[in-house]
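The sequence and the structure come first.

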Amino acid sequence: MSAVLPDRHFLYVLRLADSNLVLAQRLGELIGHAPALEEDLGIANVALDLLGQARLLLAHAGVLEGRGRDEDMLAFLRAEHEFLNATLTEQPNGDFGDTIARQFLYDSWQIELYGQLAQSADPTLAAIAAKALKETRYHLRYSAGWLVRLGDGTGESHARAHAALERLWPHTVELCDPDDIDAAMFAAGIGADLATVRRGWDRRIDETLAEATLERPATPPWRWYGKRGEHGEYLGRLLAEMQVLQRSHPGASW
Amino acid sequence: MDTEALERQFQARIDADERIEPKDWMPDAYRRALIRQMAQHAHSEIVGMLPEGNWITRAPTLKRKAILMAKVQDEGGHGAYLYSATETLGVTRGQLIDELLDGRARYSSIFNYPTPTWADVGAIGWLVDGAAIMNQIPLCRCSYGPYARAMVRICREESFHQRQGYDIMLQLARGSDAQRRMAQQALDRWWWPALMMFGPPDADSKHSAQSMRWKVKRFSNDELRERFIEFTTPQAEYLGLVIPQGEIDWSEFRDVLDGHGPCNRERLAARRRAHDQGRWVREAALAHAAKREARLREAV
């Protein structure tokens, strides 16, 4: 573990934290506006878990960085290009089909990823992943269950779920495509092997899509990766809203 | 037994502090009054998710965001729980929600006020949940069993929320000038509407006397209001905030009740939008369940 550049280790954990934080923020927009009361409660559960994981990961990232930044400084005082979340997570809630498809694609990835990270040579990361994994299993049951209901529900719900998958699919490209940070962290025994994650992810996606009677979209060429700080136009607004109080009252305690 | 004898027997049970359960005989008026009150209570929890939900995306720290999300979720849970308790009286949640959405049913007027600042989230927890607890603790001993039991659980969570709200206010009161100003302005905004939550003065309260006889209500509106003021005054002093002086403007109360509060239209519109936009989702769930059942039957 000591052989890796601390910078990469910090960025690796930060990526994990940011994806969870941004997705929790998106889900938080929905609480009170879901299609049924049970879904308000279910979405709030997932959002709370993701936010809890993000806080642990941010705190850990802050320690790894060693510049005294805590979870709130990292969440509220970084600029858009410094956020390293997967672009999948910043996609808007859209209709419930979009929300569920986004969640399903993410949960299927997270469960594979965290399964490996639970064995990480970084004991703090391993502990966070092991705890998160239990929550992720529940999230995946929720999102896969809904995707099946929507895909194999009415003509309208099938069409909406299909459109959502098509829309979101390009944003799945970066999830299992390793870059130098992923490679270095895997080599150091800290990070996951994304080739293995991809096989597990593929299998889960194919199984659930078959049950949902939905087709797997074709993968387009896609080179804009949120984990490198390359975002579309949605993230800036999400952050502007999230950060407003910290930005407008510098140094205040809340 | 004739109705009069049944009613005498019913009142005797109430007078002996016995609990009425769903399968027991009860006068129609008692059933109707409970459905009205419990549904109104459930709707208030659901609509009450909106003013605070307004700040989930802007909570100033991640810890506050998590607490607020959990709180709004609790309110949804209370709503679900209260709808179920109301269903024991022979109505369905679907009917009750239809009545909310088409404007026939009421919800607590307090939620028609806006939350323009973060301090409003604190003030709601401190004052609105505080007033709700004052109203609801006696309901834990209400004569209708399912309602009383629901209230025991809900009150426990509400008192937790009240402390969290006060903690937000405390942090603001100890903060910068801007934060203290924000806290005082929120107190100014929520004080009168919070006092109105106890309902009209006793002399004008049309449901009170019968509710007292049925032990659905145990203290008068004015008694509870006074108790709330006594409780809250030292808490405001500790914060270094000033409670507004003057009289309740009951014409404002009636206007907001009649639909002319600052956010009445937005609140109902938000509920209707969620319901309408969720229709295809609910239909899909039903269609899928029917398909599954058909497949299971074929397999047998």
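Contact, as used throughout, means heavy atoms within 4.5 Å. Helices (H or I, at least four residues) and strands (E, at least two) are DSSP runs, numbered from the N terminus. This is a predicted model, in which local features need pLDDT of at least 70 and side-chain atom pairs count only at pLDDT 80 or more, while totals for chains, interfaces and linings use all residues. Residues are numbered from 1 along each chain as its sequence is written, chains are lettered from A and ligands numbered from 1 in the order in which they are written, and side-chain values use heavy atoms, with hydrogens and water left out.

**Helix packing**

Two packed helices are described by the angle between their axes and the distance between the axes. Axes are lines fitted to C-alpha atoms, for helices over the stretch in contact, and angles run from 0 to 180 degrees between N-to-C directions.

| Helix pair | Angle between axes | Distance between axes |
|---|---|---|
| α6(A) and α13(B) | about 85° | 8 Å |
| α7(B) and α10(B) | about 30° | 9 Å |
| α8(B) and α10(B) | roughly 145° | within 9 Å |

Angles under 35 degrees count as roughly parallel, over 145 as roughly antiparallel, 65 to 115 as roughly perpendicular and the rest as oblique.

Helix α7 of chain B covers residues 145-173 and packs against α10(B) at about 30°, which means that α7(B) is roughly parallel to α10(B). On the α7(B) side, B:Gln162, B:Tyr166, B:Met169, B:Leu170 and B:Ala173 meet B:Gln235, B:Tyr238 and B:Leu239 of α10(B). By class, this contact of α7(B) with α10(B) comprises six nonpolar, two polar and no charged residues; here Ala, Val, Leu, Ile, Met, Phe, Trp, Tyr, Cys and Pro count as nonpolar, Asp, Glu, Lys and Arg as charged, and the others, Gly among them, as polar.

Helix α10(B) also packs with helix α8 of chain B, residues 177-196. There B:Trp191, B:Ala194, B:Leu195 and B:Met196 of α8(B) meet B:Arg225, B:Phe228, B:Ile229 and B:Thr232 of α10(B), a set divided into six nonpolar, one polar and one charged residues.

Between the chains, helix α6 of chain A (residues 123-151) packs with helix α13 of chain B (residues 279-299) at about 85°, so α6(A) is roughly perpendicular to α13(B). The residues that make this contact are A:Trp146, A:Val148, A:Arg149 and A:Leu150 from α6(A), together with B:Trp280, B:Val281, B:Ala284, B:Ala285 and B:His288 from α13(B). They divide into seven nonpolar, one polar and one charged.

**Residues in chain A**

Helix α6 of chain A also holds A:Ser143, which is buried at a relative accessible area of 0% (buried means under 20% relative accessible area, exposed over 50%, partly exposed in between, with a 1.4 Å probe and protein chains only). Its side chain makes a polar contact with the side chain of A:Asp107 at 2.9 Å; a polar contact is a pair of N or O atoms within 3.5 Å, where within protein one must be able to donate a hydrogen and the other to accept it, and residues adjacent in sequence count only if both atoms are side-chain atoms. Apart from neighbours within four places in sequence, A:Ser143 is in contact with A:Ile100, A:Gln103, A:Phe104 and A:Asp107.

A:Val22 belongs to helix α1 (residues 6-30) of chain A and is buried, with 1% relative accessibility.

A nonpolar core is a set of buried Ala, Val, Leu, Ile, Met, Phe, Trp, Tyr and Cys residues joined through side-chain atoms within 4.5 Å. The largest one has 172 residues, of which A:Leu113, B:Tyr30, B:Trp118 and B:Tyr144 touch the most other members. Beyond four places in sequence, the contacts of B:Tyr30 include B:Ile14, B:Ser143 and B:Tyr144.

B:Ile14 and B:Ser143 are also among the contacts of B:Lys215 beyond four places in sequence. B:Lys215 lies in the loop between α9 (208-213) and α10 (221-239) of chain B and is buried, with a relative accessible area of 18%. The side chain of B:Lys215 reaches the backbone oxygen of B:Ile14 at 3.2 Å, and its phi is near 55°, a positive value in a residue other than glycine.
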